[in-house]
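Morning, everyone. I have one structure to walk through today.

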Amino acid sequence: MAADHHYDPAEIEPRWQQVWADEGTWQVPNDTGDDPTSYVLEMLPYPSGEPHIGHLKVYSVGDAVAHFHRRTGSRVLHPMGYDAFGLPAENHAIKTGQHPRDSTDAAITEFQRQFRRWGISIDWTREFGTHEPRVYRWTQWIFLELFRHGLAYQKEAAVNWDPVEETVLANEQVVDGRGERSGAVVEVRQLKQWFLRITDYADRLLADLDSIRWPEHVKTMQRNWIGRSEGAEVVFRNEELAVDYPVFTTRPDTLFGATFFVMAPEHPDVLRLVEGTEQEAEVRDYVNRALTADKALRGDLDKEKTGVALGRTVTNPVNGEELAMYVADYVLMEYGTGAIMAVPAHDERDFAFAQAYGLPIRRVIGSPQETAGSPCEDELEGLPYTGDGPLVNSAPEFDGLHNRAALEAIVRWLDREGKGHSSVNYRLRDWLISRQRYWGTPIPIIHCPRCGAVPVPDEDLPVVLPDVEDYKPRGRSPLAAAEDWVHTSCPRCGGAAERETDTMDTFVDSSWYFLRYCDARNDSAAWDPDVVARWMPVDQYIGGVEHAILHLLYARFFTKALADLGHLPDEIQEPFAALFTQGMILRDGEKMSKNRGNVVSPKTLVQRYGADTARSYILFIGPPDQDADWSDSGVEGMHRFLGRLWRLAAEAADELPDDRVPDIDPARPDDERLLRKAHWAIDKVTTDMSERFNFNTAIAAVMELLNEVTPVKRGEASPGAVRFTLATAASLIFPFAPHVATDAYHLLTGERVWEQPWPSADPEYLEAPTFELVLQVNGKVRDRVQAPSDASRDQLVALARASGRVRQFIDGNEIVKEIVVPGKLVNVVVRPAA
RNA sequence: GCGGGCGUGGUGGAAUCGGUAGACACGCCGGCUUUAGGUGCCGGUGGCGCAAGCCAUGGGGGUUCAAGUCCCUCCGCCCGCACCA
């Protein structure tokens, strides 16, 4: 026996990687004929520094899926690229003066190097970064398509303004209401900005969730984010100033219970309403405090309700009552119309406010227990009451009606009287894409004093990001400093005009990159719709759950909008047919971070153990959708396992007769045992990969298989059976540890495992002639015996009664019944004899 | 506060449909081999008990012949959202 076989991933892995690179093994043409296709995609990585352990995990999962799909008969598109625009590179540039392009390209080079070292099966011919002009040219084209069809528009919106840096801050740069760098208290500023009309798609984004295979909790999060609610818009009028204030309510049935009226501090009319009155100073003060307060804090303390009376009233359209107006920060400008009718009897927040300010409370819905005959009219007990019941204290035509029925009746009445109408409201807001940043896709618009916002003609795309000397915004976007670039002529009238200096949110880039992969080299169009039709939708999308809302919602919106505009086949309404969300890798129960100094570097890991060990271990530590705790000692176990597989394969190869496939003798008990275990493992791994993503148990099954074929355990098995078992183990572990699997398989068979179809389990070997029958008395296991697999229920009961250990527990007792679970157990239920 | 998860040996985890709790691995203990070994191989390993056996899936209760799995309740932890009218 050759004792000098030594598992050396540093030799094996580069050798096969070279073959794959030389032969372009993972490249896939767009013309795939009639072959079934599959598109496997991991979420686009942001290239910064070098890849972290999360990248290794997501690509270990994705690569396993891609390999499995290939070997089960599909042509697989498995591309990658880089989400190359973004804030960290820009901050780095502000600090060091290094161009963001340079630091980003350096990171990309490092990503390329490590991904190749990991042996991920990527079609590198389709690689791109979103910062390349040949790519963002089409990002700009998509923006213009949306603009031309009314889906992109400008309006004023509030931003976080750092008065010291003279910069707009991202939410994540605001810490406790202060700028992250400057420490200055952040102000609210209104800026004219670009929006995309995602709210037009709210209903379809909601409805089509039913058509995709996504984790239920992600769908729930998206549904809640869109937040559709049905109700009515009701108009309350201020007679003094003759202004109408519409409000949205989900509870028009409680209109008769409205006792006051509240506006959000941001509501543009609040200050106008008190101008020149004695309330002005107090209201102004309150509004200022509300606007500058930490947004999180404003929502936080649900105890203290604060507000100020405006000294004005509005009229309740259903009964003509005058309701006092207030401003209070519990009302949000972003939701509904920024003003509400307050019904303290049936809303908890309104109730708390009414209590704090001594405002009237009127019950208009009785509790369901009360009969119509005895409504508890002035009974404030049990309030606020948010349940259902009959209407009371409302108009005669509605009193006594169940509130659900009354709701519709009241809306109909409002509609007839022209005082309101039924209405649907969404929590979802339009997508603000303007960024006052340098490192992003320029918005391809020219502002002309005469023609307004004019699109850059398609033939002038891309609008290339100009070089600037200073990346720091000084009161405006950094692009404004490139004056030669800014000053241009209007494409429409030829007059002097200026370019838009905002760039786009990087979520725009990642909302369509998956389409570009399909046709990445196309320089005459963003993609060819026929080519996209071949690959889309993505069959399996994989990424972190932190993108459950924004990225995934934006990508869905883009797909629908592009289909509507005729750029995608109509049937492609969803970008990602199936989604898998992976958990984080923790260390000592904590997130890995540079601050904590507990980072595990994939580079070091791969250098020390090889890519196969690193990838397999990450998949082995737990179900990939759950968070997993890293342990250094566990890696050694995986390395030992792969080493054992390779060594056994190398030794078995030495013993194989030259140029001859050895026979297997199923009559030999040890051969039969190995065959059974091998087919069991094939079945187990196949199920784990196709029906669930439990790679940890799939790998465990291969470990079991290998344990069965060690020199001691294999017994008298023939060389053919040993070879088959080891080759099967290599074949099954290939999606997780492609290099060692390939090498071991090649040693044993001379074949390339990736060219072999996925093994299929022979049902004959999955069924054993006997099984272990568990015998219970009163639900407790008392014995186990071998039983024929085809035994009848009576035979199984007979076996149970024949067991001495069972009899010991039933003797002297009365048998009440016998439960038989075929193939599993017999449970004898007894009770003491009378 | 609302929504969604989770809680199993010393550790990571397994138990896929209500049917043998602890697969597989780490760690630990013992042995063999090689000893240059931090290699390799074999065996043991939930707790209590000499044993028969009993007890064990965060705590308590329930349903059931049978509960880690279903129901109620309490505790703890994690994630998301946050006064959504």
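Start with strands β11 and β12. β11 covers residues 307-315, and β12 covers residues 322-328. The two run antiparallel, joined by 6 bridges. β11 and β12 form a hairpin, with 6 residues between them. Stop at Gly 320, in the turn. Its phi is positive, at about 75°.

A quick word of caution here. This is a predicted model. Keep that in mind for everything I say.

Next, a sheet. Which strands form it, and in what order? There are 4 strands, and the order is β4-β3-β7-β15. The sheet is open, and the pairing is antiparallel. Why is one side of β4 and of β15 left without a neighbour in the sheet? Because β4 (167-169) and β15 (431-432) stand at the edges, and each has a single partner strand. For β15, let's look at its pairing with β7. Strand β7 spans residues 187-196. It pairs with β15 over 2 bridges, in the antiparallel sense. Zoom in on Phe 195. Opposite it, in β15, stands Leu 432.

Now leave the strands and go to a loop. Find α11 (348-357) and α12 (403-417). Arg 363 lies in the loop between them. Is Arg 363 buried or exposed? It has 5% relative accessibility. The cut-off for buried is under 20%. So Arg 363 counts as buried. And what does its side chain reach? The backbone oxygen of Ile 365, at 2.7 Å.

Let's step back to the whole chain. Chain A has 834 residues, and 53% of them count as buried. It has 27 helices and 30 strands. Along its principal axes, the C-alpha trace spans about 100 × 95 × 50 Å.

Then the surface. Chain A exposes about 37300 Å². Carbon and sulfur atoms supply 48% of that.

Last, the charges. Chain A carries 88 positive and 130 negative charges. How far apart are their mean positions? The answer is 3 Å.

That's my tour. Over to you.

Methods:
Residues numbered from 1 in each chain as written. Chains lettered and ligands numbered in written order. Predicted model: local features only at pLDDT ≥ 70, side-chain atom pairs only at ≥ 80, totals over all residues. Heavy atoms only, no water. Buried < 20%, exposed > 50% of the residue type's maximum accessible area, 1.4 Å probe, protein only. Polar contact = N/O pair within 3.5 Å; in protein donor to acceptor, adjacent residues only side chain to side chain. Pairing = 2+ DSSP bridges. Areas by Shrake-Rupley, 256 points an atom, 1.4 Å probe, with all protein chains shown as cover. Lys, Arg positive; Asp, Glu negative; His and termini not counted. Charge placed at Lys NZ, Arg CZ, Asp CG, Glu CD.
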